[in-house]
Amino acid sequence: MSSLAARIIAFYLPQFHPIPENNLWWGPGFTEWTNVAKAKPLFRGHRQPRLPADLGFYDLRVPETREHQAELARAAGVEAFCYWHYWFGNGRRIIERPFEEVRDSGKPDFPFCLAWANQSWTGIWHGNPKSLLMEQTYPGRADEEAHFRWAQKAFEDPRYLKVDGKPMFVIFAPHDLPSSSAFIDHWRELAAQAGYPGLYFVAISNRYKHGVDPWQSDLLAPFDAVTPLAPQDYLETKGRATRDTNWNRRWKELNFGERFNRRKPKSWLRPTRIEYRDVVAHAMADMPQGERFLPCVLPGWDNTPRSAHRGVVYEGETPELFRQYLQKAVDRVAGNTPEHRIVFLKAWNEWAEGNYVEPDSVHGHAYLDVIRSVVGN
């Protein structure tokens, strides 16, 4: 582990290479870049498309690209990539090639861990959420063991990220598991049989309904740590509370009430627009103290390349505001023991959601420079 002020762990999206399923669903050659490149501004001042700089429109099947990403991350003070992986049940996987090549080749020599994106895939990006493309299933203990055996190959890699000697494993939707306690107990039993001191489970909490504690519940109790789901942590709390009372926001969104909105022409449709400054101001406001609760920092958000007017735009994001956000998170974990000074970064490269720190054509290396200046010695 490094001696930096915090352990910055960046979520890493592997969907930057063609796969047969995406070719079938969205057309030949589809990758995340397809949505990025075709994006258009939806209102005055809307910065779209967002274009990559140093790495270009890369293909994650190319080892040199993965090496360059690791070099950029290491220089910025990012400790590890947290690769999203997809296990739909009965051994069904998707977009597994980039991570498995990293695992099997030993390159790049850069720390990593795994996050299980345990959600069904639908056509929601294209306005058809009822279209089920690939269903997330939970067939039972035999499948849980098969999943563990697949992950075990990564856990035993010397690059794998650990907390107190335990491999970290993040679960995107703990509320979707048939039983979070049964799954975690089973995997901990398998880990003990494999000779590990344990597993360090992190839950991404997205329960932001009124009257529900997003941090502490029976569902989350089996996990070692909890981190929020951004941007829902803001949108479903402060953002929802001000939707109908913030007249400046209503005007920008052409939101004139439910009755009118149902009748307005398509040319008047606008995405949800949120001031990034307000997101930073309210970040971590309700997060309890303690090593169990880990911040997650969002460098920006604009998923209109995927969702068009149904999307959400965080406006006015700048490297300086990101610095304030990241500094709040680092300060939040400063009192933790060194192993637990963990800050998640969402994300390294989620370009179609405006949610990345890789160099782009406007800010260059500015966001990477912020990370280095905040967490560096």
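This is a predicted model: local features need pLDDT of at least 70, side-chain atom pairs count only at pLDDT 80 or more; totals for chains, interfaces and linings use all residues.
Helix α12 covers residues 319–333 and helix α13 covers residues 366–375; their axes come within 10 Å and cross at roughly 30 degrees.

The residues that meet at this crossing can be picked out one by one. On the α12 side they are Pro-319, Phe-322, Arg-323, Leu-326, Gln-327 and Val-330, and on the α13 side they are Ala-366, Tyr-367, Val-370, Ile-371, Ser-373, Val-374 and Val-375. Sorted by class, this contact has 10 nonpolar, two polar and one charged residues.

The structure holds three cavities of 30 Å³ or more. The lining of the largest cavity divides into four nonpolar, four polar and five charged residues.

The second largest cavity has a volume of about 70 Å³. Around it are Pro-14, Trp-84, His-85, Tyr-86, Arg-93, Ile-94, Ile-95, Glu-96, Phe-99 and Trp-150. Here the lining is made up of seven nonpolar, one polar and two charged residues.

Arg-47 forms a salt bridge with Asp-360, and the closest N and O atoms are 3.6 Å apart. Arg-47 lies in the loop between α2 (32–38) and α3 (63–76), while Asp-360 lies in the loop between β15 (355–356) and α13, so the pair ties together parts that are 313 residues apart in sequence. In the model as a whole, the count comes to 20 salt bridges.

A few details of the backbone complete the picture. Most residues other than glycine have a negative phi, and most peptide bonds are trans. Against that background, the peptide bond from Gln-48 to Pro-49 is cis, with omega near -5 degrees. Pro-49 sits in the loop between α2 and α3, where Arg-47 is also found. A cis peptide bond also runs from Ala-230 to Pro-231, this time with omega near 10 degrees. Pro-231 belongs to the loop between β9 (225–228) and α7 (232–241). Finally, Asp-164 has a positive phi of about 55 degrees although it is not a glycine. Asp-164 is placed in the loop between β6 (162–163) and β7 (166–171).

Methods:
Residues are numbered from 1 along each chain as its sequence is written. Side-chain values use heavy atoms; hydrogens and water are left out. Axes are lines fitted to C-alpha atoms, for helices over the stretch in contact, and angles run from 0 to 180 degrees between N-to-C directions. Helices (H or I, at least four residues) and strands (E, at least two) are DSSP runs, numbered from the N terminus. Contact means heavy atoms within 4.5 Å. Ala, Val, Leu, Ile, Met, Phe, Trp, Tyr, Cys and Pro count as nonpolar, Asp, Glu, Lys and Arg as charged, and the others, Gly among them, as polar. On a 1 Å grid over the protein atoms alone, a cavity is a set of points where a 1.4 Å probe fits but cannot get out, and a pocket is an open set with protein on both sides within 12 Å along at least five of seven lines; lining residues have an atom within 4 Å of a point. Grid points are joined across faces, edges and corners, and a volume is the space filled by probe spheres set on the points. A salt bridge is a side-chain nitrogen of Lys or Arg within 4 Å of a carboxyl oxygen of Asp or Glu.
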